[in-house]
Amino acid sequence: VSDDRPVEPRTIEEPLTEHIERVRVGHGANCSSVGSVIDTLFATAAVGAAVFAAVVAALKSEEVRVAGRRGDKK
Amino acid sequence: MIVRYESWGAWVKLESTAAIVAIDREGTRALGLDGGEAWHDARTASAPIEVHLAVTSRCGAGCSGCYLDARPDGVVPPRAAIEEALDAMQDAGVFTVAFGGGEPTTRDDLAELAEAARARGITPVLTTSGLGLTDVRVERLRAFAQVNVSYDGAGETYASVRGFDGAEAAERAIERLAAAGVHVGVNVVLTRDSFARLRATLDRARGLGAREAQLLRYKPAGRAASLDYLARRLTGPQARALPETLRRLSASLCEDGGFRLRIDCALVPFLSCDEEIAGDPARLTRFGVLGCEAAGALAAVTVEGRVAPCSFAPATTLACAALARGHEDDPVLARWRDWVDAPPEPCASCPIRATCKGGCKVVASFLEGAHGPDPECPRVVDFRSTRSDAAV
């Protein structure tokens, strides 16, 4: 992480969900191939909505750090 | 959260909940963030978000299908070399590092290495056979976000996959890790034998304290790259039954949220034969399912410190130290991505192509000598069968 300066809490009015292209839940721990949670694919719409709601809440509240060579500023 | 700007928006690794999110430019701006240079960059390939790092090739288990051909006298890179690899991953903006090998728990410095990854903003996870997992070794694993134990089933099912019965050791390891408060999952290799007993295997793993199972396709690499592969791989009917099997297992095991089911990238092509999934491919994307991301979102690093497209593929000449820049420029890695960008039929018109990316290149290369449509994918089998019939 090349920049770990915290930024001010954000005020977000725009609905974020429609801008979220993909959500990969969990860490997985396989060292030989990429794993993807599959049970959410078959779950009810309510479960899927809950996953996205939790993600949006986290996006709104967590402090930002920028990773990697490409993002050297906020 | 850790943000990595991309040409299309940003990858975001959340910290209060275990998730990695892709968000478009507009959404990124709505968070008060600006991709700056990354949004004006002409680069076509992004660095991996996940790296599989072989921290040793030493292992005494002797699994008959070991993809690394790990041995008791294998290589153990010094801690400094591993930390240099972690530095390179940090520079590249990698989110997750999966420690493997070889048997990683044979290293005495695992706890320090996990902390070194965390200090660089990288989430460390680990795979182990569970053999020889003493309480001292369990203690070293507390710093990992998740530990998966290789567990293909009880008794003879395990033995049928690995050539020896290590099931009891794996079961004790799952229990020990769960009791120690480590988030533990299991890796289940699907062969024609283990697939038939999958439900019993997952029930057993969950009962022992596992909170997740990752199903893995058996792949012809390392010691498994032999004719024996043909006798062990899933049968055609089993491959076609996978989507419905996953649907049933998810409904019965995961509804309370206490257990998760994962599939690996190489199993994604088998989803192409499911009408519901193929009819709504955007759902695969939305829920973050990844197919073959070799040389894309995924990279592997060998014990010699060389980058490979994935753990099953031969290493390139690219040194891990040059990962940030070299991942885009390396010609071998570029060739893996180029095939995915313009595959032939039947992949070209496949509804789930954007996720699947043509299936497992390691399987295709072993069976047909080159990258090509995954020959075990039901859609590819049907396509070739139709063409063959038409030619007669």
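In strand β12 of chain B, B:V307 is the bridge partner of B:V301. The strand that joins β12(B) is β11 (residues 298-301) of chain B; two bridges hold the pair, and the two strands run antiparallel. This is a predicted model.

- In general, strands of a sheet pair through backbone hydrogen bonds, either parallel or antiparallel.

**Strand β9(B) and its partners**
- β9(B) pairs with β8(B) in the parallel sense, over five bridges. Within this strand, B:A213 is the bridge partner of B:V186.
- β9(B) also pairs with β10(B) in the parallel sense, over four bridges. Here B:E212 stands opposite B:R260 of β10(B).
- β9(B) is mostly covered, with six of its six residues buried.
- Both faces are covered. B:E212, B:Q214 and B:L216 are buried on one side, and B:A213, B:L215 and B:R217 on the other.

**Where the two helices meet**
- The axes of α8 (residues 198-208) and α10 (residues 236-253), both of chain B, come within 12 Å and cross at roughly 30°. Angles under 35 degrees count as roughly parallel, so α8(B) is roughly parallel to α10(B).
- α8(B) passes α10(B) in a right-handed crossing.
- α8(B) contributes B:L198, B:R199, B:L202, B:D203 and B:R206 to the contact. α10(B) contributes B:T245, B:L249, B:S252 and B:L253.
- The residues of this contact divide into four nonpolar, two polar and three charged.

**The cysteine B:C254**
- B:C254 is found in the loop between α10 and β10 of chain B.
- Its relative accessible area is 8%. Under 20% counts as buried, so B:C254 is buried.
- Leaving aside neighbours within four places in sequence, B:C254 is in contact with A:D39, B:L249, B:F259, B:R260 and B:L261.
- B:C254 and B:R211 are 43 residues apart in sequence and 9.7 Å apart in space, C-alpha to C-alpha.

Key:
Residues are numbered from 1 along each chain as its sequence is written. Chains are lettered from A and ligands numbered from 1 in the order in which they are written. This is a predicted model: local features need pLDDT of at least 70, side-chain atom pairs count only at pLDDT 80 or more; totals for chains, interfaces and linings use all residues. Side-chain values use heavy atoms; hydrogens and water are left out. Axes are lines fitted to C-alpha atoms, for helices over the stretch in contact, and angles run from 0 to 180 degrees between N-to-C directions. Angles under 35 degrees count as roughly parallel, over 145 as roughly antiparallel, 65 to 115 as roughly perpendicular and the rest as oblique. A crossing is left-handed if the near helix is turned anticlockwise from the far one by less than a right angle, and right-handed if clockwise. Contact means heavy atoms within 4.5 Å. Ala, Val, Leu, Ile, Met, Phe, Trp, Tyr, Cys and Pro count as nonpolar, Asp, Glu, Lys and Arg as charged, and the others, Gly among them, as polar. Two strands pair if DSSP finds at least two bridges between them. Buried means under 20% relative accessible area, exposed over 50%, partly exposed in between (1.4 Å probe, protein chains only).
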